[in-house]
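Have the sequence and the model side by side. The paragraphs below lead through the structure one site at a time.

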Amino acid sequence: MRAVAIVICIVISVFSFEPNPPHHTDMVGNARWMVKYSNFSILATHSSFLEGYPFGQNKDVADGIYGDVLSTGIPIIYTSPLEKQTQDFLKNPLVTFGYSAEFTHYCTDNNIDNDSPTCGKVMLSGEIEKVTQEEELKWARYGMYSRHPDTKHWPPGHNFTFYKLNIRNIFVLDYYGGPTEHLNVTEYLNYRPSW
């Protein structure tokens with residue numbers, strides 16, 4: 001029985017491992033860190049059922065598996081055309097994914113309030129598109145199915161599909177002094193994590 005308890009503790013520690021974010025002066029690193037270590041994001045779309053209004057909803061996301069350093073920085077979701085937000089972005093593919101360090105363990109573990117500038121935030125805006133290349137599909141399955149195991153068993157008849165964000169703009173706030181409204185997208189995508 002004791003051996004089982006030890007194994008459970010090891011498994012929990014492996015799956016909950018999350019290094020601290022980079023120093024606040026490394027805004028690109030902080031943005032990539034939040035995307036990597038968040039299991040969900042708030043997806044904002046142009047509503048197709050509330051004409052003229054934005055619509056936001058939490059969505060499971062994956063950027064590789066949680067305890068692995070491999071990362072692309074690109075949000076990937078797994079969704080059905082039956083979902084309202086899928087209907088939204090199929091009509092208008094311009095969306096924003098919102099992340100907060102609160103979505104990781106960092107802010108809670110360090111008693112930092114979500115609205116504090118030291119609890120980082122990143123908003124990735126761009127055009128959402130279907131994942132079609134086989135290598136990208138492998139990466140999408142690799143991350144999504146390991147972080148959100150239930151998704152592997154969602155009903156095939158609902159036509160779940162992987163989508164990714166083609167990033168056009170990055171807004172980051174990770175410390176006092178105001179946000180960076182237009183972080184360099186190329187620098188963000190080429191960033192090599194060292195955490």
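N159 has a relative accessibility of 47%, so this residue counts as partly exposed. The model is a predicted one. N159 is part of the loop between α5 and β6. Its backbone stands out for phi, near 55°, a positive value in a residue other than glycine.

N111 also deserves a look. Phi of N111 is near 50°, again positive in a residue other than glycine. N111 sits in the loop between α4 and β5. Its relative accessibility is 72%, so N111 counts as exposed.

Now turn to the cysteines. How many disulfides are there? The count comes to one. The bond links C107 with C119, at an S to S distance of 2.1 Å. C107 belongs to helix α4 (residues 106-109), while C119 is in the loop between α4 and β5 (121-130), so the link ties together parts 12 residues apart in sequence. The angle about the S-S bond is 110°, and the link is right-handed. Are the two cysteines buried or exposed? Both C107 and C119 are buried.

Next comes helix α2, residues 27-37. Why is this helix described as largely enclosed by the rest of the structure? Because 11 of its 11 residues are buried. Buried here means under 20% relative accessible area.

P75 is another buried position. Its relative accessibility is 1%, so P75 counts as buried. P75 is placed in the loop between β2 and β3 (76-79). Leaving aside residues up to four places away in sequence, P75 touches F97, Y99, L124, Y163, K164, L165 and I167. N166 is 91 residues from P75 along the chain, yet their C-alpha atoms are separated by 8.9 Å.

The surface has a nonpolar patch. Which residues form this patch? F49, L50 and Y53 do, with about 320 Å² of accessible area together. F49 lies in the loop between β1 (40-46) and β2 (54-60). With a relative accessible area of 40%, F49 is partly exposed.

Now step back to the whole chain. The protein chain has six helices and six strands. Along the sequence, their order is α-α-β-β-β-α-β-α-β-α-β-α. The C-alpha atoms fill a box of roughly 55 × 45 × 30 Å along the principal axes.

Contacts and surface complete the picture. Take the contacts with a separation of 6 or more: 70% of them are between residues 24 or more positions apart. Buried residues make up 41% of the 195 residues. The accessible surface of the protein chain comes to about 10,600 Å². Carbon and sulfur atoms account for 57% of that surface.

Conventions:
Residues numbered from 1 in each chain as written. Predicted model: local features only at pLDDT ≥ 70, side-chain atom pairs only at ≥ 80, totals over all residues. Heavy atoms only, no water. Patch = residues over 30% accessible without salt bridge, like charges linked within 9 Å, V, L, I, M, F, W, Y side chains within 5 Å. Areas by Shrake-Rupley, 256 points an atom, 1.4 Å probe, with all protein chains shown as cover. Salt bridge = Lys/Arg side-chain N within 4 Å of Asp/Glu carboxyl O. Helix = DSSP H or I, 4+ residues; strand = E, 2+ residues; numbered from the N terminus. Buried < 20%, exposed > 50% of the residue type's maximum accessible area, 1.4 Å probe, protein only. Disulfide = S-S within 2.5 Å. Contact = heavy atoms within 4.5 Å.
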